[in-house]
Amino acid sequence: MRVANPFRSVEYSMQNFDMNQIMGLSGTMLPLSILLIENDEDRQFLTEQYLQYRPLMYKIASQFFSDNFAEMEDAVSSAVERLCKKCETLKQVECNKRASYIVSTVRNVCLSRLREIGRQRRNRDYTPDADVVDSIPSPEDVQGIVFDRVFASDLLDTFPELSEKDKDLIRFRHIDLLGYDVIAQQVGITEIAARTAVSRAKSKLERLAMNKKRVENDD
Amino acid sequence: MMTDKGKPVIPEDRSLEDRAYDLFGEMLLQRETAAALAGIEAEKARGDTAEMDAFFAKQDVKNLQRIQRHFRRHRARVFFRQTLPRVGQIAAVIIAVVAVAGGVAIATSHTLRVQVMQLLVNIEEEYTELKLQEDPAASFDIPAEWGGENYPSFIPDDLVAGMVFSYPDNNSVELIDKRTGAVRGEFSEYGADTEANIDTEDAVQEPVTIGLNNGFLVKKETRVSLYWGDGRKYFVLTISDHDESTAIRIAESVLRIK
């Protein structure tokens, strides 16, 4: 049986159908053609994460740049860029922790930007308060050391009672993982003062939590 | 942070107490994130999202393009830094094997080879055997940059593919005179979103059939133009100093390659 190809004038003696079937690309480019197939998974993943969490990114950026939309736009865009670079890491983060990872990323971008533009969070005074020094429990407070046990949940519940200044200091050190030199630059104090301020913020947190626990136990 | 042996290492500036508080920081971050998400849901419930909506109406396109650009660049980087060197080794083996076995011509680095297969049917008494086999005479080269879905499998011997212009739904290749380097023609493939114009002033137009598709042939001075469509794309072929039959042969040789 012979079938003429309507596009070509050659006929074959063998029994065949000329189907103009393209099997692919061959020669030196065969591996390349396969490898050039676009893998969209990462891009799709990042796009989905962006669309899902963009309100959160906006909210965090607005906490730093509430009066400056241009800075907020740059912050969100930079955060997106950073998330693209960390796509593999983000994919490995558990789903229920991805939001926190994204918040942390946006915070880092915002803090970096604040340092770049030399703007410090001077709406607060970060120098140590004199009266705080006297109220920090001393090592001689044996009862407190031996009998009081403050758990992380107690600290978490007490955290909102801290001043905004002390909250910032603890966030900088233990959420953003900044060094004392960077914290000092961020808030406009010396490095030594930054160390002292962070330490006192944590001590105050522990003291408040312990006092709260004592009151609850007494009740 | 772990050493090579898997043992934990305390970073220089973070004490044990710091690390304990870092864990607290993680818990705090999760709690504050949950509070932020709850705040967002509350704002949505109140319908209080005008400012944010306006923000993203402006930002979404930019940020989504940013994501696309990043992964396109990343893919190219990986391809050139990792894949290509490995493929170069594989390609060397393939070339050696093919050179020994013979049969398939190896294309230059600027072209891709398109194999055209034909179906072989061997009818026996109790069964019919089917298989695909390359038709070497029908296989052809295309420019590596060609982004269209179709390409002519026949180009006259005196012409060669030249500059390629690839845009979404608009792909063209110049046909160059091998001897003089002059542009003698152009083949273009267009999609639904593209408009094209052909100079038909003082020209002779007549309907033609290209394969199974209707088209038109335009003759003006020494130039022959053909335009036709296949239901998905439409094509324009322009060629100078060649007769109508050659132009029709080029047009009829256009094959789907993607």
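The model is predicted, so local features need pLDDT of at least 70 and side-chain atom pairs count only at pLDDT 80 or more, while totals for chains, interfaces and linings use all residues. Residues are numbered from 1 along each chain as its sequence is written, chains are lettered from A in the order in which they are written, and side-chain values use heavy atoms, leaving out hydrogens and water.

Let's start with the largest nonpolar core, which has 61 residues. A core here is a set of buried Ala, Val, Leu, Ile, Met, Phe, Trp, Tyr and Cys residues joined through side-chain atoms within 4.5 Å, and buried means under 20% relative accessible area with a 1.4 Å probe, protein chains only. Among the residues with the most contacts inside this core are Leu46(A), Val106(A) and Phe24(B). Helix H2 (residues 41-64) of chain A gives the most to it, with 10 residues; helices are DSSP runs (H or I, at least four residues) and strands are too (E, at least two), numbered from the N terminus. Leaving aside residues up to four places away in sequence, Val106(A) touches Met57(A), Ile60(A), Ala61(A) and Ala79(A), where contact means heavy atoms within 4.5 Å.

Now for a spot where the chains meet. The axes of H5 (residues 98-116) of chain A and H1 (residues 16-46) of chain B come within 9 Å and cross at roughly 95 degrees. Axes are lines fitted to C-alpha atoms over the stretch in contact, with angles from 0 to 180 degrees between N-to-C directions. The two helices are therefore roughly perpendicular, a label for angles of 65 to 115 degrees. Ala99(A), Ser100(A), Val103(A) and Ser104(A) meet Leu29(B), Gln30(B), Thr33(B) and Leu37(B) here.

Just after H10(A), Gly188(A) takes a positive phi of about 80 degrees.

Over in chain B, there are three helices and 12 strands. A buried set in H3 (residues 244-252) consists of Thr246(B), Ala247(B), Ile250(B) and Ala251(B). Their directions from the helix axis to the C-beta atoms fall within an arc of 135 degrees, so they line one face of H3(B). That set packs against strands E4, E8, E10, E11 and E12 of chain B.

Notes. Buried < 20%, exposed > 50% of the residue type's maximum accessible area, 1.4 Å probe, protein only. Parallel < 35°, antiparallel > 145°, perpendicular 65-115°, else oblique.
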